[in-house]
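Me: I should like to learn how to read a protein model step by step. Could you guide me through one?

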Amino acid sequence: MAEAHQAVAFQFTITPEGMDLQLSHQALTEVYLSGLRSWKKRIIRLKNSVITGVYPASPSSWLFVVIAILATMYTRSDPSMGLISKIQEHLPVSEVLSVHCRTLVSAVVFSTLLWLSLIFTMRFCLKQLLSYHHWMFEQHGQISNTTRVWVGLVKMFSGRQPLLYSYQGSLPNLPLPAIDSTIKSYLESVRPLLDNTEFERMTTLAQDFENGLGKRLQWYLKLKALWAANYVSDWWEEYIYLRGRNPIMVNSNYYGMDFLYVTPTPIQAARAGNTIYASLLYRQKLNREEIKPSRVPGTLIPLCAAQCERMFNTTRIPGEETDTVAHWQDSDYVAVYHKGRFFRLWVYQAGRLLSPREIEHQIQRILDDSSAPLPGEEKLGAFTAGDRIPWAQARKEFFSSGVNKRSLDCIEKAAFFVTLCDDEQGMMGDDPATSLDCYAKALLHGKCYDRWFDKSFSVVVFKNGKNGLNAEHSWADAPVVAHLWEYVLATDSFQLGYSEEGHCKGEVDSSLPPPQRLNWEISSQCQERISQSLSVAKVLADDVDFHVFSFRDFGKGRIKRFRLSPDAFIQVALQLAYYRDRGMFCLTYEASMTRLFREGRTETVRSCTNESCAFVRALENAESVAVCQHLFRQACEKHQLLYRMAMTGAGIDRHLFCLYVVSKYLGEESPFLKEVLPEPWRLSTSQTPVQQVELFDLVNHPEYISCGGGFGPVADDGYGVSYIIVGENMINFHISSKHSCAQTDSHKYGTHIKRALDDLLHIMSSDLKEPSRSQNQTGENQVKVKKDL
């Protein structure tokens with residue numbers, strides 16, 4: 001708001017009698033309070049930088065070390081073994097400093113150096129401890145003595161009350177796998193997909209690469225792994241996301257849904273008020289680093305938080321060759337779209353965050369605004385939904401100066417984007433299944449012009465109070481956005497709440513200025529470009545076939561009684577369902593995180609294995625139950641092994657990807673890499689983890705469960721499958737494919753998934769044994785991976 005008031009903070013007129021200067025005290029107050037808020041944020045940021053910089057020690061420990069050294073010196077002992085005297089010799093001689101003062105200064109300097117050395121040592125030790133991953137491969141309930149000692153050491157070196165980024169300097173670098181290990185794992189992963197002749201040919205290509213060009217490329221990667229914190233992440237962001245020239249809508253962006261069975265209020269403005277306020281509360285906690293560091297569920301092991309840095313005030317900027325991600329330190333407004341108009345909604349007044357009721361009031365002003373869109377304004381967002389090159393060219397040609405640039409800057413520098421839709425969505429009506437499918441498509445692409453797909457995330461609020469979000473993928477992966485969305489949903493319903501009439505709680509400041517309408521001067525030539533981008537986006541959106549359903553026959557509670565991983569159980573079910581759907585197996589992608597390492601993002605788990613294929617064939621060939629049970633357990637154990645290897649940096653695909661990038665830099669052609677990298681992922685899967693279980697009370701409020709989120713199909717002839725395990729008795733699935741492919745049908749594949757899950761339960765039911773009490777007891781230092789959480 002300060003920016004708006006700065007223009008009218010003072011006015012002057014020149015008359016024959018002289019210059020008449022008029023000051024606006026209210027405006028100057030606004031400017032002062034806005035600046036004060038900015039300085040407070042800088043101070044908090046500086047304080048947190050100091051605390052994080054000395055972690056796992058604390059700033060107060062410096063004083064303890066100084067006092068300890070001085071106390072030792074007063075006992076006529078020299079803990080520095082002569083170093084304090086050496087420091088004193090190098091201090092400048094001054095009449096101001098007595099001998100005693102120089103000794104004191106020397107002791108303080110030595111104490112500080114000792115303190116910094118201790119911090120470096122503790123951080124180095126913690127980094128080495130966090131590089132130990134053998135605990136992840138140990139059998140549940142069979143913890144080795146080495147791991148027990150390791151747990152104690154991690155506790156000792158982890159410090160107390162860490163901030164969000166406290167562990168960043170202690171996280172290990174992503175290890176570079178040996179090339180022979182990667183080649184061996186790759187050949188094993190493609191064996192079930194190739195016949196003998198094709199496999200022999202691929203083996204020859206792989207061996208030639210390993211013994212030839214691969215060694216040279218690996219040497220360059222070793223140099224990068226030594227120099228960079230993560231040898232993958234920067235290339236992954238640039239070449240997989242930012243250099244893609246196809247539309248990011250559907251192809252890259254993903255969505256998150258509201259509660260499945262509950263809509264806290266049917267009033268659109270009120271739901272938007274609480275949602276925006278809760279999102280800004282999360283940003284406030286993020287800026288202050290008050291969010292607890294994420295950890296591997298059930299353990300003390302921290303995860304990298306680097307992706308959180310660009311969550312707010314971030315936009316993807318189009319370029320003709322490559323896009324860039326622009327991030328600003330702060331923004332005191334959000335950009336709002338409603339019925340073809342763009343608005344700037346200030347969320348701070350006199351240096352304070354507006355209350356939910358005040359934000360609702362401002363949103364209602366936008367909803368009540370009957371002004372018509374300016375020429376070309378209504379469908380301007382289609383630029384962000386179409387191909388990237390036309391958008392980059394149009395941005396340079398039509399939005400590089402004047403009013404268009406100012407309005408575009410307003411959108412791009414906003415904290416986030418909000419769309420107020422004039423339609424109703426959610427599970428409703430006589431056909432709730434179909435309405436869920438429409439809800440998913442509305443969040444994934446909407447009308448192709450009523451979202452700003454370049455923003456880090458866009459909140460969508462529908463007319464009936466249902467909400468959701470659409471997120472851009474380059475800056476972060478889904479678990480980071482899901483953490484935000486869990487907080488927003490829980491805060492909205494369980495902390496902020498609504499009045500009996502369904503409005504936000506609180507009072508409204510009557511002096512609030514109305515939201516600012518953005519102005520545009522969009523020429524007919526630019527409007528023609530908008531129409532072209534919209535046509536491309538519409539074809540893409542209309543081709544998406546989506547199916548969302550809740551599987552409630554059983555959930556992870558029943559699966560874990562079989563001593564099986566719920567994720568592995570579901571992944572094998574997806575293999576069985578795909579085989580029944582297509583009569584074949586396919587290359588399968590499951591996203592695993594590598595956030596155990598600094599700047600880690602994802603790795604691929606190749607879920608179609610020799611073991612899973614052997615089980616599927618045995619089941620379809622009506623082998624005995626005992627044989628199927630044995631093969632099924634082998635398939636699940638293999639999947640768990642692959643997942644753990646991916647988490648610990650021993651995956652396949654990121655290593656091959658980086659080898660390919662190096663080959664392109666060197667101008668070398670590899671027949672092996674040229675054949676491996678373009679392989680289509682016809683089954684792309686991802687689990688959405690529930691990370692903040694403590695925020696939701698599913699026992700007393702079982703209706704407050706999220707439906708999760710989803711994404712578009714990766715391959716034109718494949719499926720995209722996202723699933724979320726909710727509580728003990730529910731699994732929600734989001735399945736996408738393309739209508740243009742005659743071989744895929746999302747609803748048909750969903751039916752196969754339901755049948756596969758039931759068949760697996762039937763097969764394993766005879767093997768069900770209730771766990772004994774001793775098996776349920778867990779030692780204090782027992783470490784386990786709950787990947788299903």
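Reply: Let us begin with a term: contact means that heavy atoms lie within 4.5 Å. Please keep in mind that this model is predicted.

Me: With which residues is Ile267 in contact, leaving aside its neighbours within four places in sequence?

Reply: Ile267 is in contact with Glu360, Glu501, Gly502 and His503. Ile267 itself is found in the loop between β3 (254-257) and α11 (268-287). Its C-alpha is also 6.4 Å from that of Asn464, although 197 residues separate Ile267 and Asn464 in sequence.

Me: How should the confidence values be read, and what is the mean pLDDT of the chain?

Reply: Where pLDDT is low, the predicted coordinates should not be read in detail. Here the chain has a mean pLDDT of 90, and 92% of its residues reach 70 or more. Residues 1-10, however, have a pLDDT below 50; beyond near neighbours in sequence, this stretch has 25 contacts in the model. Residues 768-789 also have a pLDDT below 50, with 43 contacts of that kind.

Me: Which residues make the nonpolar surface patch of about 300 Å²?

Reply: In general, an α-helix has 3.6 residues a turn, so residues three or four places apart point the same way. The patch is made by Val105, Val109, Leu113 and Leu116. Val105 lies in helix α5 (residues 99-130). With a relative accessible area of 32%, Val105 is partly exposed.

Me: Which residues of helix α10 are buried?

Reply: A residue counts as buried when its relative accessible area is under 20%. In α10 (residues 233-242), these are Ser233, Trp235, Trp236, Glu237, Tyr241 and Leu242. Their cover includes α9 (213-227), β4 (314-317), β5 (324-327), β16 (602-606) and α22 (653-666).

How values were computed:
Residues are numbered from 1 along each chain as its sequence is written. This is a predicted model: local features need pLDDT of at least 70, side-chain atom pairs count only at pLDDT 80 or more; totals for chains, interfaces and linings use all residues. Side-chain values use heavy atoms; hydrogens and water are left out. pLDDT is the predictor's confidence in each residue, from 0 to 100. Patches are made of residues with over 30% relative accessible area and no salt bridge: like charges are joined within 9 Å, nonpolar side chains (Val, Leu, Ile, Met, Phe, Trp, Tyr) within 5 Å. Accessible areas come from the Shrake-Rupley method with a 1.4 Å probe; for residues, only the protein chains shown count as cover. A salt bridge is a side-chain nitrogen of Lys or Arg within 4 Å of a carboxyl oxygen of Asp or Glu. Helices (H or I, at least four residues) and strands (E, at least two) are DSSP runs, numbered from the N terminus. Buried means under 20% relative accessible area, exposed over 50%, partly exposed in between (1.4 Å probe, protein chains only).
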